[in-house]
Amino acid sequence: MRRGGPFLALAAAETLSLSGTRLSTIAIPWLVLSTTGSPFLTGLTAMMEMLPYVVAKALGGPLIDRVGAKRIAIVCDTASVAAVGLVPLLDFFSLLGMPVLLPVVFAMGVLRGPSDAAKQAMVPDIAALANVPLERVTGVASAIERLASTAGAAGAGALIGLIGPGQALLVNAATFAAAALIVAVGIPGMRRAPELSGAPDVRPAERASYLDDLREGWRFLRGDAVLVSIVAMVAITNLLDQAYHAVLLPVWTRDSGHGPELLGAMFAAFTGASIAGAAIAAAIGERMPRLMVYTVAFLLTGFPRFFILALDAPLILIFVTLAIAGFASGFLNPILSAVVFERIPKPLIGRVTAMNAALCFALIPFGGLVGGALISTIGLAAALLLTGLAYLAATLFPLALKSFRGFDKAITDAGASVSRR
């Protein structure tokens, strides 16, 4: 229990913050769509949160290595309580127009980025403390993430329908407050790793600057072909996922004559099924052929979700498709996270993981705009089909790259490759 305590604390904090974040990802687009009726403004609002999220996440990496992941997580989650709490407060006084909402969601993104990166940077230390394989820790963490997303999505639809999207964000503010408290009490301060011996940028007489740290992280990431390939593929699929979540699916729900309850149920069907996939990955992840599982999971997770909506199929068929796609998606994060963590030296873990995650998220701010623009120009059905085909192409493209052959290789601390097949 002593070894597992920090992991349980991190899991609880992630469950709370992710549940609240899932609520906000449904509530804010629905708020904009219901008040303005504009898919473009809905996409613009999503961009105003995700663009600063990506930039802040990348720039926060060196601070995580210097200040410590725990401190960054506590400070950012505490400040997020005030930022998120502004939305229901302004909504209560009927002051929540677009000129006011956009700066608020901008601040939400600035704070969420470093907080998420800090929690992710804690994983290798907590895995070492519990003395378990990375795949098991990342698999359990992914299952918890999916559970939190399921609970948040299922509750969001009902809560939004009951009290409105603006006031529903009070719950999001409360989850951030609880997450900050749990991290402060339940996770020990992780000692920062010493500088890499022999690293060319480390000066014996003085400490490297913040920009030196940032450049060092960028050089390492750029020099690893496997990490670069992962970033490119995930960045494109994240762009298309954002278009789907922020605009395409809400507009399809509204145009089909349904309300936020169905939107929340559809999110819950996907994330709920993904819990089973993540649990299996946690149990046997270290024995799975990574590249094969990764590729098949992405094929099932992507194109079918878009295609089934473009067909305007019956709801039962849509929910079955979402469940299959969700189950497959549960295998992705445990494998990806393990690959990323294994390839990064401990002294660089904060800056490289933050930069890796930020680059994977780099196109997300434009996903909502892409979705809104496609609907406005070619219509909803065509937009769904086009984005689904783009998802399929992005999934298959990395298989043609020689660099992806290293996906099944783990990099040891000494720099040698070890087969994981």
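Trainee: What should I know about the numbering and the kind of model before I start?

Mentor: Residues are numbered from 1 along each chain as its sequence is written. This is a predicted model, in which local features need pLDDT of at least 70 and side-chain atom pairs count only at pLDDT 80 or more, while totals for chains, interfaces and linings use all residues; side-chain values use heavy atoms, with hydrogens and water left out.

Trainee: How many helices and strands are there in the protein?

Mentor: Helices (H or I, at least four residues) and strands (E, at least two) are DSSP runs, numbered from the N terminus. Here the protein has 18 helices and 2 strands.

Trainee: And how do I read burial and contacts?

Mentor: Buried means under 20% relative accessible area, exposed over 50%, and partly exposed in between (1.4 Å probe, protein chains only). Of the 421 residues in this protein, 55% are buried. A contact means heavy atoms within 4.5 Å. Among contacts with a separation of 6 or more, 85% are between residues 24 or more positions apart.

Trainee: Which residues have the most contacts inside the largest nonpolar core?

Mentor: The general idea is that in soluble globular proteins, nonpolar side chains tend to be buried together. A nonpolar core is a set of buried Ala, Val, Leu, Ile, Met, Phe, Trp, Tyr and Cys residues joined through side-chain atoms within 4.5 Å. The largest one here has 73 residues, and those with the most contacts inside it are Leu101, Leu248, Trp252, Met266, Leu309 and Ile318. Helix 10 (residues 225-255) gives the most to this core, with 14 residues. Apart from this core lies another, of 31 residues, including Ile72, Ala127, Val183 and Val352.

Trainee: Leu248 is on that list. What does Leu248 touch?

Mentor: Leaving out residues up to four places away in sequence, Leu248 touches Ala243, Phe306, Gly371, Ile375, Leu380, Ala383, Leu384 and Thr387.

Trainee: Now the charged residues. How many salt bridges does the structure hold?

Mentor: Side chains of opposite charge can pair when their charged atoms come close. A salt bridge is a side-chain nitrogen of Lys or Arg within 4 Å of a carboxyl oxygen of Asp or Glu. The structure holds 11 of them. In one, Glu49 pairs with Arg112, and their closest N and O atoms are 2.8 Å apart. Glu49 sits in helix 2 (residues 39-59) and Arg112 in helix 5 (residues 98-121), so the pair ties together parts that are 63 residues apart in sequence.

Trainee: Are Glu49 and Arg112 buried or exposed?

Mentor: Both Glu49 and Arg112 are buried. Look also at Glu216 and Arg351, whose side chains meet in a salt bridge (3.0 Å, N to O). This pair links distant parts of the chain, with Glu216 in helix 9 (residues 210-223) and Arg351 in helix 16 (residues 349-360), 135 residues apart. Glu216 is buried at a relative accessible area of 10%, and Arg351 counts as buried at 3%.

Trainee: Which residues join Glu216 and Arg351 in one network?

Mentor: Salt bridges that share partners join Asp65, Arg66, Asp213, Glu216 and Arg351 into one network.

Trainee: Which residues form the nonpolar patch on the surface?

Mentor: Patches are made of residues with over 30% relative accessible area and no salt bridge: like charges are joined within 9 Å, and nonpolar side chains (Val, Leu, Ile, Met, Phe, Trp, Tyr) within 5 Å. Here Leu51, Val55, Leu59, Ile236, Leu363, Phe366 and Val370 form a nonpolar patch, with about 510 Å² of accessible area together. Helix 2 provides the largest share, 3 residues. Leu59, in helix 2, is partly exposed at a relative accessible area of 41%.

Conventions. Accessible areas come from the Shrake-Rupley method with a 1.4 Å probe; for residues, only the protein chains shown count as cover.
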